[in-house]
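Subject: Structure handover

Hello,

Here is the structure I promised to pass on. Please open it beside this email and follow along.

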Amino acid sequence: MNISEFDYNLPEELIAQMPADKRDNSKMLVLNKSTQAIEHKHFYDIVDYIDNNCVLVLNNTKVIPARLYGRKDTGAKIEVFLLEAQKNSDTTTNLWSALIKPSKRVKPETIITISEELKVRAIKRLEDDGEWLVELIYEGDLFEILHKVGNLPLPPYIERKLQTEDIKNFDYERYQTVYAKDEGSVAAPTAGLHFTPEILEKLKAKGVEIIYVTLNVGLGTFRPVKCENILDHKMHSETFEITKEAADKINTAKSAGKKIIAVGTTSVRTLETAYQKYRCIKACQDSSELFIYPPYEFKVIDELITNFHLPKSTLLMLVSALAGKDFIFKAYKEAIENKYRFFSYGDCMLIK
């Protein structure tokens, strides 16, 4: 299957630079897989599409200020983008995988000074496109330091020419879901950005069961596919956790014939990975390298709330597997014609 089959042209002005004025005011394209019908709605209409025969599964991960700007002792500017803490037997050493730019200016043992409180030591190159193993050198609480000196890792297509404190504070609030809990992601599970506490309460009042899982979003979600044949693409590993309470509720719901509605592709990959590994949903702390593309057969989820995804991305392939590639591309064409806003801060779709 060729990567060009998942390409499309998007006018640059439709790449959302800011979210909707209110989270639930974003537009929502509703796709019916069985009838091939498309409806134009707003996210606050989601309450009309979900009832007590449905279970909603959300990813409660929280984005960390993972983008760091520092200098070498020569004065050269270096960007360090933290990806994931590495497990190691030496608990006194804080090892992370990270992207370093410009990578060519860095050699093993290079020290990058971020601030008086934090330095980064490059240890070894992991990939040929800028991924490194690094050691974070600091004293005290790392996340407190990151919140002081780090920057929220907005995607590169969101351009913030003026990084004022007001803009930073705005993004710190709006680039997190209202139910974000466990810090560990370097990108937001963006389908969840549309939910408000009021929407969640309305769904609960209808008898909808709301369940949380955690997948720490990393390279596996946002790294582009660079090979011509998509089957040659290797997903990067992302850690996830499903609690016993969540597992029991999902298994009970499936047994009762209830619909499992995933919020975001990360929730999909969490549930489908768990089922693939254990033949059921079970409490676990594990990792996912699951690459979903047509004609994948979904074992757990029935419906999906998701944003509009980048051309040639694994996320576009995932939604194509769920709704059918032709139907997805028809919907994207209609969304473009109707000036829907795309990507992280953009509008969304419900695939039912």
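Below is what was found in it, topic by topic.

First, a caution. This is a predicted model.

**Cavities**

Rolling a probe the size of a water molecule over the atoms shows where empty space is left. The whole structure holds two cavities of 30 Å³ or more.

The largest cavity contains about 90 Å³ of space. Its lining includes Pro 19, Ala 20, Lys 22, Arg 23 and Ser 26. Arg 174, Leu 193 and His 194 also line the largest cavity, as do Ser 344, Tyr 345 and Gly 346. By type, this lining splits into four nonpolar, four polar and three charged residues.

The second largest cavity has a volume of about 30 Å³. Among its lining residues are Met 235, Arg 269, Leu 290, Phe 291 and Ile 292. Helix H7, residues 314-323, gives the most to this lining, with three residues.

**A pocket**

Now look at the second largest pocket. About 810 Å³ of space lies in it. The lining has 32 residues. Which of them lie nearest the centre of the pocket? They are Glu 84, Ala 85, Gly 184, Asn 216 and Thr 239.

Several elements each supply at least two lining residues, including strand E6 (77-85), strand E7 (95-101) and helix H1 (142-149). Strand E13 (238-242) is also one of them. E13 provides the largest share, four residues. The pocket lining divides into 10 nonpolar, 14 polar and eight charged residues.

**Two helices in contact**

Go back to H7. H7 packs against helix H8, residues 325-337, at an angle of about 115°. Their axes are 7 Å apart. On the H7 side, the contact is made by Leu 316, Val 319, Ser 320 and Ala 323. On the H8 side, Lys 325, Phe 327, Ile 328, Phe 329 and Tyr 332 take part. The residues of this contact divide into seven nonpolar, one polar and one charged.

Another residue of interest here is Ile 3. Ile 3 lies in the segment before strand E1 (27-31). Ile 3 and Met 317 are 314 residues apart in sequence, yet 9.6 Å apart in space, C-alpha to C-alpha. Ile 3 touches Met 317, and its other contacts include Val 225, Cys 227, Glu 228, Ile 230 and Lys 312. Is Ile 3 buried or exposed? Its relative accessible area is 5%, so Ile 3 is buried.

**Aromatic rings**

A pair of aromatic rings is described by the distance of the centres and the angle of the planes. How many aromatic pairs does the structure hold? There are 15.

One of them joins Phe 43 and Phe 195. This pair is edge-to-face, at 4.9 Å centre to centre and with 80° between the planes. Phe 43 lies in the loop between strand E2 (38-42) and strand E3 (54-59). Phe 195 lies in the loop between strand E11 (182-185) and helix H3 (197-205), so the pair ties together parts that are 152 residues apart in sequence. Both Phe 43 and Phe 195 are buried.

Next, take Tyr 179 and Tyr 212. They form a tilted pair, 5.5 Å centre to centre with 50° between the planes. Tyr 179 sits in the loop between helix H2 (165-174) and E11, and Tyr 212 in strand E12 (residues 209-215). They are 33 residues apart. Tyr 179 counts as buried because its relative accessibility is 10%, under the 20% cut-off. Tyr 212 is partly exposed, at 31%.

There is also an aromatic cluster. Tyr 8, Tyr 157, Phe 308, Phe 329, Tyr 332, Tyr 340, Phe 342 and Phe 343 form it. Phe 329 and Tyr 332 also take part in the contact of H7 with H8.

**Backbone details**

Finally, check the backbone. The peptide bond from Lys 101 to Pro 102 is cis, with omega near -10°. Pro 102 is in the loop between E7 and strand E8 (111-113). The bond from Pro 294 to Pro 295 is cis too, with omega near 5°. Pro 295 is in the loop between E15 and strand E16 (303-307).

Glu 109 is not a glycine, but has a positive phi of about 80°. Glu 109 lies in the loop between E7 and E8. Arg 279 is not a glycine either, and has a positive phi of about 65°. Arg 279 lies in the loop between helix H6 (265-278) and E15. Its relative accessibility is 53%, so Arg 279 counts as exposed.

Best wishes

How values were computed:
Residues numbered from 1 in each chain as written. Predicted model: local features only at pLDDT ≥ 70, side-chain atom pairs only at ≥ 80, totals over all residues. Heavy atoms only, no water. 1 Å grid on protein atoms, 1.4 Å probe; cavity = no way out; pocket = protein on both sides within 12 Å on 5 of 7 lines; lining within 4 Å. Points joined across faces, edges and corners; volume = space filled by probe spheres on them. Nonpolar A, V, L, I, M, F, W, Y, C, P; charged D, E, K, R; others polar. Buried < 20%, exposed > 50% of the residue type's maximum accessible area, 1.4 Å probe, protein only. Contact = heavy atoms within 4.5 Å. Axes fitted to C-alpha atoms, helices over the stretch in contact; angles between N-to-C directions. Phe/Tyr/Trp six-rings, centres within 6.5 Å; stacked < 30°, edge-to-face > 60°. Lists of a residue's contacts leave out its neighbours within four places in sequence.
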